[in-house]
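Reader: I am new to this structure and would be grateful for a close look at a single part of it. Please take one place where two chains meet and walk me through it slowly.

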Amino acid sequence: MSEELSFWRTYVFSTDHKTIAKQYLSLGLFWALVGGLTAYLMRWQLAYPDTEVPGWGFIAPDFYNMLVTMHGTIMVFFVAMPILLASFGNFLIPLMIGSRDMAFPRLNMLSFWVFSLASLTLLISFFVPGGAASAGWTGYPPLSAKAAYTGVNWGLNLWILALALEFASFLMGGVNFLTTTINLRAPGMTFFRLPLIVWMQITAAVLFMLSVGPLIAGAVMLLMDRVLGTTFYLPEGGGEPLLWQHLFWFFGHPEVYVILLPGLGIVLEIMPVFSRKPIFGYRPIIYSTIAAGMLSFIVWAHHQFLSGMDPRLAMPFSITTIIISVPFALIVFAMIATLWRASISFPPPMLFALGTLSIFILGGLTGIFNGSAPVDIYIHDTYFVVAHFHYTLFSATFFAGFAGLYFWFPKMFGRMMNEPLGKMHFWLTFIFFNAGFVPMHFVGLGGMMRRIANPMQYEFLQPLQPINTFITIASVLLLLSQIPFVVNFLWSLMRGQVAERNPWQANTLEWSAASPPPHGNFETVPAVYRSPYEYSSPEAAEDWLPQDRPLASPAAARQ
Amino acid sequence: MMIGEQNRPNYFGIWMALLGLVAISIAASIVLPKSLALLLIFAVAIAKALLVALNYMHLKYEKLLLYIIAIVPVVIVIILLFALFPDFVFHR
Amino acid sequence: MDSRAQTLTSTGIPTGKVGVWWFLASEITVFGGLIASYIVVRLGSSGWSEAAAHLNFSLGLANTFVLLTSSLTMVLAFAAVEDKDPKRLGTYLGLTVLLGLAFLIIKAFEYTGEIAAGFTPAAGIFWSFYYGMTGLHALHVLAGVITNVILSIAAIGKVLRPNEHRVELAGLYWHFVDIVWIFLFPLLYLT
Amino acid sequence: MMASWFPENISTFGGEIDSLFYLIFYITGAWFLLTEGLIIFFLVRYRRSQGQRAVYVHGNNLKQAAWILVPGAIVLLLDLWIDFRGAEVWAKIKGRVPPSDLLVQVTGKQFNWEIVYPGPDARLGTPDDLQIDNELHVPAGKVVRVLLKSKDVIHSFFLPNLRLKQDAVPGRVIEAWFEATTPGRYELPCAELCGFGHSGMSGWLIVHGPEEYEKWVKEHWPSEK
């Protein structure tokens, strides 16, 4: 099984799903730094407009637009997706279903290298004449369809190219995730014995693969408008600017769940382990996930209530949007019910999982305001929306992402992370996140528009400026709060306490492999006897019962 | 998968049928009034696509899972198509 | 690489086939999105039939014939795999490659004629869609031709043996590209 | 308490948007307190203690799952309530334009609002039209119909005090309407990213009392010929 491989085959052109997961993780963390830098520059400009940003310089309005655009693009496509989907999905799916690798290991490698190419393209776009894309991460034409409107020519072309490459990469990843889960499950691993994060990952993969197509078509049209002079989105040539918005959001809304579901999946894995209790309502959670996935295909136009689309369309989309809260409410209730009469401990992964839950609740609830078409008339394109999607996506990407990292770090790297530093990281992040983003709701209700470089240009926003300053201070502190994590991550990587196979006494299959698992994962392919969350089961003396541990008693055979 | 010679579809015959259908749609576009012709042309296109998918892609020998994988995206595209109508077709 | 990964199957469907069908599912939404856009934008405005009348109908028809025939040769190549007849396999794969190339050459000829007559991609919304749809489709044909060239070389060099199931997978893709053309042809040339 | 966070409302329909906002605010606020309260209570009450084993409840049968299904059903009912209230308000604001007293055309362009009044003949596109950039003068208590256009990219016509927002899309004419109640000067920013000058693209809505408006028309509109 484990023949000696050269350095290049082991670390660079690896086909091992665990190495590919780490590669995605490192690129994702790199982009998170860039994304954080853009956030810092924007926040400074908003708090102290047209002053010199410490460590940078002045920010011109078109540069600010570029920051807005690149912050969104980077955080959604180059941080959230590679970390939550590609990294955790790649690492966990084969291990959790008891497979030695992905179904198509070389396709997996190709997917990472295409993603690297996408990253390189996006990076280059910062340095071409005219600067990077500045038409918003949603790239609405006609602004994005003609270089003259933004003054950005190659930056925006490269932006489209980078997104196309990224989509290609995640399509390959999606094919792999789905085929692997469908066909490579260990004996006894039925669909209803899959850990919930696997369900979440494959639902996310289905959503991505079935929604991205129209946007790929739309991106081809946009690129042709820019390069070949076609007029798909230009009304002077008979085109329709609104078409892009439909194609974009037809993908864009499922995309939100592509990010959110793996995040929730991480929480669902971690909560039972540190509550020593089965997840409450395993099947209802799966059904809710599928229902939410299906509904997510018919809610997209809630991003366009005021786009000039037919007003009669608004109500059907408003209704589906608000109703999508039901499956998510069920998942949240199930998480809360898991805590009932549990035996809860609070190491860093559990703290971050609980942080995700409590923050996601607020993000979900503010979504109802946006989903209600009449309320959206006022709050659309204001900072209320910005606060809302940071509550949902920051919780999924960073809180859940950190939870997953603290939890699976011993499995990934064979060493434990430092607990006190982890707890400090959590509390600082939790406090400063809320300190920054709760007030943002109120700035939004005050009417402050998104994507403006200088709120002081508007009389009605001037009284809100102290809040803006406060948000900026909190955000800067939030960024600084990540220093304990960076220190902890790097230090534990080299000096952390060596991890045993199953440091958390968890049930799922990855914990029965070595830490870190060798190429090929398992000594022998495990056989699966039961569902993944049998904690405190009356059938076992300990309060855990791994999926692959046979029980001699007949009661166990019935499981 | 092995289809086996005995129940292998008549590949050549299906090709003839496809060509015949092309001829029908062209004839329709010349002879019939516009709206009727369009109806027939797209019915023929769907028939041709089904012939290719069922026989050449041998979906008719496959398990339910592959049918689902093939049909769900078609349904999604149809949803998208109808949702686009109010904004682009009826807006004048 | 771990050979087990290719052989194990929990559902009984070959793993490669599941993968290719998922890929095709995504491709359906790419072309579906493009065609849906074309339909609604066209129904919402006028003057498209007049523009479409400038298309070279006979070349479009010839390409329909070429592509349908190439689907036949492709499926016959698959039948040759089933019959364990490597010689026939090589012949039919080669024929499919030639027909694919013929399609691309005819298409290039058609584009040249249209551009010479002033109907460039910038000539109006119909032409935007015409070049967008046929161009994206032609890129898919090109990808299929490249795949088939690789398979033919392997078949002629007699190294395809352990990977003959790839003929079926390439065939699934090729027939899908054919189906796309089955819809593009009437949408562009017959209306 | 929350009222102070919104700008002053000066339109006939703004109050309905605000009250719908409060309806959702109270419903979601109650859920927020309930769920977060339960989480904190459980975390404290069921924290790990020596010798205490968690209870083995999986919640997969209907009887147990009812603990989450019933609250889920309540969420659905509240959702539908919000939807139906929303449908009424939406139909009133965006569904139909009531008979109007004044028609203006507002055209967004990088980076100004071009506002065209029909002039004495009440028709747009005639020589007696009056164009003023970035100043929208309207009478209080009258229904104003706005035709929104754009010359280049998408802009968004945003009147925070009227609770009105509508994108202006090139190639389309989009209708909006409002009835302002209180005379005064209110800002009219653009709410959709429209290029490097987006920040600062702003005009003014000037709502006049009846006599004042007559005076403004007399001074500025071309006289009837």
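Author: The contact between chains A and C draws on 38 residues from chain A and 31 residues from chain C, where two residues are in contact if their C-beta atoms, placed from the backbone, lie within 7 Å. On the side of chain A that touches chain C, α6 (154–183), α7 (196–227) and α8 (241–275) each supply at least two residues; helices here are DSSP runs of H or I with at least four residues, strands are runs of E with at least two, and both are numbered from the N terminus. Of the elements on that side, α7(A) gives the most, with 11 residues. Sorted by kind, the residues of this side of chain A comprise 21 nonpolar, 13 polar and 4 charged, with Ala, Val, Leu, Ile, Met, Phe, Trp, Tyr, Cys and Pro counted as nonpolar, Asp, Glu, Lys and Arg as charged, and the others, Gly among them, as polar.

This is a predicted model, in which local features need pLDDT of at least 70 and side-chain atom pairs count only at pLDDT 80 or more, while totals for chains, interfaces and linings use all residues. Residues are numbered from 1 along each chain as its sequence is written, and chains are lettered from A and ligands numbered from 1 in the order in which they are written.

As for the surroundings, 4 pairs of chains touch, and the most contacts among them are between chains A and D. Chain C and chain D, by contrast, do not touch, their nearest C-alpha atoms being 12 Å apart, and chain B and chain D do not touch either, with nearest C-alpha atoms 9 Å apart.
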